[in-house]
Every structure is written in structure tokens, then in C-alpha cells.
Amino acid sequence: MPTQVVVAAAIISGSRVLVAQRARPPELAGRWELPGGKVAPGETERDALARELAEELGLRIGDIAVGDRLGDDIPLNGAATLRAYRVRLIRGEPHPHEHRALRWVTAAELHEVDWVPADRGWLGDLARAL
């Protein structure tokens, strides 16, 4: 049985990456993650990422450029696979529609962030990307 793919965006602007503070579920609320979401049936991973960033951050298709993969796949609960992509912010300002807050962090600040457990697997890749 194929697993659900969840895509995440490493939105990089200059030497900083955008992180989003979760509002739910309760066990993850307050922790930080790369924004993104589930790939719907019949949707490509890049299309899913663009849709999720529009829903979560108010960024439109022309505001971003989805690039190459970042790091390795991260298995989630045996039922899903988390996959990150580098995303360049071309224009626009992200706003937290579904998160408590957003913040830009540098490579030096990555380890100070209270990450959701799954996203910690990309910290080395993020530091190198910045």
C-alpha cells in the first residue's frame, strides 16, 4: 500500500529560512515546522506544495519557485512520508493563515528552534542550504 506523501517547503530568502509555528494538534502546538501539507490524489508534489503555501501563507504561484528536493525522505508513523523541497520566495510576504506565527531563521539559529520531531531530520541539510 503506498504511503501518503506530505510535502514541506524550505522557503529560503537570502540566508534565512521561513519556519511556521503549529497551532494544532495539541501535542505539536507551539512547535515549529517547515510549512506544507498532504499531496492529494492525482496531484503532483510540486502542485501540492504550491496549493498548501497558498492556503497556509497566502503566497500565489508567481510568488514562489519550487526547486530541488532538500535532504532525505522522513517516514511518519509508518503511514506517511515527509519530503522537503527548496522554495525560493520571488515576491510577496507570507502570512500565517493556519499557523500561530511565522519567523525567519538563520543557519546559526536553526538549533535554537523547538522543531516538530520529524523536521529535525533536515537541520543539517537546511544549514548547508543557507
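Trainee: What should I know before reading the numbers?
Mentor: This is a predicted model, in which local features need pLDDT of at least 70, side-chain atom pairs count only at pLDDT 80 or more, and totals for chains, interfaces and linings use all residues. Residues are numbered from 1 along each chain as its sequence is written, and side-chain values use heavy atoms, with hydrogens and water left out.

Trainee: Is β2 buried or exposed?
Mentor: Five of the six residues of β2 are buried, so the strand is largely enclosed by the rest of the structure. Buried means under 20% relative accessible area, exposed over 50%, and partly exposed in between, with a 1.4 Å probe and protein chains only. Strands are DSSP runs of E with at least two residues, helices are runs of H or I with at least four, and both are numbered from the N terminus.

Trainee: Which way does β1 run relative to β2?
Mentor: β1 and β2 run antiparallel and are joined by two bridges; strands count as paired if DSSP finds at least two bridges between them. I12 stands opposite V17 in β2. The two strands form a hairpin with two residues between them, and G14 in the turn has a positive phi of about 65 degrees.

Trainee: And how many bridges link β2 to β7?
Mentor: Six bridges, again in the antiparallel sense, with β7 covering residues 101–106. Within that pairing, Q21 has A101 as its bridge partner. β2 also pairs with β3 in the antiparallel sense, over two bridges, and there A20 stands opposite E33.

Trainee: What does the E33 side chain touch in polar terms?
Mentor: The side chain of E33 makes a polar contact with the side chain of H99 at 2.8 Å. Such a contact is a pair of N or O atoms within 3.5 Å; within protein, one must be able to donate a hydrogen and the other to accept it, and residues adjacent in sequence count only if both atoms are side-chain atoms. E33 counts as buried, at 10% relative accessibility.

Trainee: Changing topic, which residues touch the most other members of the largest nonpolar core?
Mentor: V17, L34, L110, W115, W122 and L126 do, out of 20 residues in that core. A nonpolar core is a set of buried Ala, Val, Leu, Ile, Met, Phe, Trp, Tyr and Cys residues joined through side-chain atoms within 4.5 Å.

Trainee: Which strand gives the most to it?
Mentor: β1 does, with four residues. A second, separate core has 17 residues, including A9 and L18.
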